[in-house]
Amino acid sequence: VLANGLARLRGRGNTAVHLIDTGRSLGGRASTRTTRINNPSAAGTSSRDDSVTTSAAAPPPSPPNSSAATTVVQHDHGAQFFRATHPQVKQFLTSGLTAGLVGQWDARVGVLGARGGKFLPVEVVRATGVLSQQQQQQAGGSSEPGSNDGDVEHNELDFCGHLDGPPYFVGMPTMQALCEGICERAGVHVHTGTRVTGMTWTPPNPEAEAPAWAVHTESRQARSSSHSPSASTREDDGDGTNASEVALEPVSHFDHVVLATHSPAFVAEQLDQLLQLDITLPSFSNGEDDAQQIRQTAQKLSSLLASQTHRPARTLMVTFARHVATSFDAAVVHGSDVVKWIARDTSKPGRGGGDGAAGDDVETWVVHATDDFADRWKDVDNTPASADQHGEIVDIMVSELTSLLQRHQQAEKDDDDDLSL
């Protein structure tokens, strides 16, 4: 939606839109990892997402001129899907900016019981009242107004609104390709590997006609472009670089700035700086009362943002050499201390089983750890000193995934009519 608005701005005249991203490539949570591996059997890779991405226990690549068969696989290791409920979002998905970049994921989605292996589709979960029972327990049995009993987003059985049901949408042919494609078509200047270190605002001077915002940045590498290369034609080289890219200036000036960041403290800092300036705030119907209300609201927002803490996420990317028999494509896991979400990534539209000798039966799965499990390993970073701990993380998550799939397959054989998880 933001890109759609930016494209409209560009259509009005001489407007340049720049997107600054600290990541190695564009997309943020809508990210994709592409890997070339040898003879996949049950290869696991762990990824940590808290401003750095790390991996461990990944199958080694084939040396040059090696006769070993290799397969290129991809995993959407961040956002798994998105839903469109707002009319403007629905309209955006049918616009030229997203044509061919969005596909509907007709997945078998629901809840998987960790102990019994029983899978309940979304329709069954909602129809049997399991969802409302879970909400009641989490709300402490309260049925008072405002207790969030009817808010699916606060239920531990829900993952990013998946219990609201289909349609589920994904980027094509990867989640990352959606952001890249939109920016390319909208003519947005993209600067990846670049961190915003500070911003200063100067009241506009009609005589000078200078942009009001000075944005200070530092680049890990010189990586900027007028648009990003399409993920459909690019194999990740490991660092997301593009030889044709150039660096953004250390201090760049803009008329307007939109912040979309995972650092609430940074936003709070910018708000505090603005509140300290002698700014004439707009008034509407109540004169100074409006200006005072705006300032008070901004102060409350700043305090709220400053109090927020960031929790890491931990993702396991798994490749199987053959199809895994399950009655689902994606599920929230109920009752596991390690895993909260598993998904067959190759069930998404536009995803192939692989292009190597292993054949089209190759399957990729994405496993998201529970918040508590990820938090326990939050100090494991991407340094060589953490290699052993990375291996331990992979072993634990692979073991849990294996157990979940085995219990589910056994439950399917038993054909139990019990709907309990």
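This is a predicted model: local features need pLDDT of at least 70, side-chain atom pairs count only at pLDDT 80 or more; totals for chains, interfaces and linings use all residues.
The pairing to which strand E13 (residues 251-254) belongs is with E11, in the antiparallel sense, and comprises four bridges. Strand E11 (residues 213-219) is also joined to strand E10 (residues 194-201), again in an antiparallel arrangement, by seven bridges. Within E11, Ser219 is the residue opposite Thr194.

Helix H9 covers residues 387-414, a run of 28 residues. From the first C-alpha to the last, the helix reaches 41 Å, which is close to the 40 Å expected at 1.5 Å a residue. Buried residues occur along H9, among them His390, Gly391, Ile393, Val394 and Met397. Glu400, Leu401, Leu404, Leu405, His408 and Ala411 of this helix are buried as well.

Two of these buried H9 residues, Leu405 and His408, are in contact with Thr326. Thr326 is located in the loop that lies between strand E14 (313-320) and strand E15 (330-334). Because its relative accessible area is 11%, under the 20% cut-off, Thr326 is classed as buried.

Note on methods. Residues are numbered from 1 along each chain as its sequence is written. Side-chain values use heavy atoms; hydrogens and water are left out. Helices (H or I, at least four residues) and strands (E, at least two) are DSSP runs, numbered from the N terminus. Buried means under 20% relative accessible area, exposed over 50%, partly exposed in between (1.4 Å probe, protein chains only). Contact means heavy atoms within 4.5 Å. The expected span of a helix is 1.5 Å times one less than its number of residues. Two strands pair if DSSP finds at least two bridges between them. Lists of a residue's contacts leave out its neighbours within four places in sequence.
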